[in-house]
Amino acid sequence: MWNKRELERKIEEWLQEDIGFGDVTTLSTIPESEQGTGILYAKEAGVIAGLPIARQVFATVDPDLVFTAKVEEGQRVEVGQELAEVSGSVRSILSGERLALNLMQRLSGIATQTSEYVAAVAGTKARVVDTRKTTPGLRFLEKYAVRVGGGHNHRFALYDAVMIKDNHIKGAGGIAQAVAAARAAIPHTMTVEVEAESLEQVREALEAGADIIMLDNMSLETMREAVTLIDGRAVVEASGGVSLETIGNIAKTGVDVISVGALTHSVKAFDISLDLNTRKR
């Protein structure tokens with residue numbers, strides 16, 4: 001899922017950004033002894049992601065807070081459904097509220113949108129995957145949310161797979177040269193992907209021994225020709241111009257993978273609120 005220590009460190013940084021030297025509104029208006037329960041609920045229908053992250057936010061603010069999830073991670077919920085409750089010091093609840101909601105809203109938006117793309121390719125062999133078009137600092141969580149929504153992850157970063165794109169091809173002097181140079185430099189366990197913009201480049205990538213061939217911004221007809229040409233000799237990925245309206249037809253061309261930047265780069269936040277009930281000690 002993620003590195004626990006990395007998540008804890010990030011949350012500490014984000015809380016410092018938000019709270020700084022103190023939540024002046026809460027500290028000045030809420031008695032220290034005030035106890036209560038915050039109820040997190042959905043204001044729209046969709047797929048929930050980020051409950052464990054919200055739990056960690058509140059635990060970092062105040063280890064005495066008790067966070068109880070009311071739904072499962074990855075569950076589809078309806079408008080008004082309770083998602084979780086957090087009980088304890090009202091000061092602590094209010095100080096952690098915004099960060100917890102921001103993260104859950106972002107991740108649930110990604111999970112919800114991913115689930116829609118996955119549903120659109122149902123009945124085909126195509127796998128919906130994300131890209132590196134993520135929010136700086138949030139990549140590990142955003143890619144986690146894609147998995148919660150039923151999608152899969154592409155490479156995590158520049159270091160875990162070779163992806164030879166148009167500028168690499170230009171700089172290396174051609175697809176064959178780029179693939180050969182990459183093979184000579186990387187371990188045998190690492191894959192090599194080549195971006196192809198034409199059937200001619202697909203042929204070059206096949207001859208060079210690419211493990212994965214990305215069909216970049218091709219028409220449906222050209223994609224079908226490319227799938228036939230490749231004939232199982234490499235994994236076929238489609239990319240570019242992918243939307244909910246187009247992904248179903250792209251999947252029907254026979255590609256193995258469809259990468260969708262929109263899963264993370266322009267997703268709408270899922271609407272979640274927290275209502276507070278207080279009880280004096």
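**View 1. The lining of the second largest pocket, by class.** Seven nonpolar, three polar and four charged residues make up the lining of the second largest pocket; here Ala, Val, Leu, Ile, Met, Phe, Trp, Tyr, Cys and Pro count as nonpolar, Asp, Glu, Lys and Arg as charged, and the others, Gly among them, as polar. This is a predicted model, in which local features need pLDDT of at least 70 and side-chain atom pairs pLDDT 80 or more, while totals for chains, interfaces and linings use all residues. Residues are numbered from 1 along each chain as its sequence is written, and side-chain values use heavy atoms, with hydrogens and water left out. The volume of the second largest pocket is about 200 Å³. Of its 14 lining residues, Asn153, His154, Ile212, Glu237 and Val257 are the closest to the centre. A pocket is an open set of points on a 1 Å grid over the protein atoms alone, where a 1.4 Å probe fits, with protein on both sides within 12 Å along at least five of seven lines; lining residues have an atom within 4 Å of a point.

**View 2. The largest pocket.** Take a look at the largest pocket, with about 400 Å³ of space. It is lined by 22 residues, and Thr131, Lys133, Lys165, Ser239 and Ser259 are the closest to its centre. Strand E9 (212–216), strand E10 (235–239) and helix H11 (262–265) each give at least two residues to this lining. Helices (H or I, at least four residues) and strands (E, at least two) are DSSP runs, numbered from the N terminus. By class, the lining of the largest pocket holds five nonpolar, eight polar and nine charged residues.

View 3. Asp130 sits in the loop between strand E6 (127–129) and helix H5 (139–148). Asp130 is buried, with a relative accessible area of 0%; buried means under 20% with a 1.4 Å probe, protein chains only. Its side chain makes a polar contact of 2.7 Å with the side chain of Lys143 and reaches the backbone nitrogen of His154 at 2.8 Å. A polar contact is a pair of N or O atoms within 3.5 Å, one able to donate a hydrogen and the other to accept it; residues adjacent in sequence count only if both atoms are side-chain atoms.

**View 4. Strand E9 and its partner.** Strand E8 (residues 192–196) runs parallel to E9, joined by four bridges, with Glu195 opposite Met214. Two strands pair if DSSP finds at least two bridges between them.

Key: Buried means under 20% relative accessible area, exposed over 50%, partly exposed in between (1.4 Å probe, protein chains only). Grid points are joined across faces, edges and corners, and a volume is the space filled by probe spheres set on the points.
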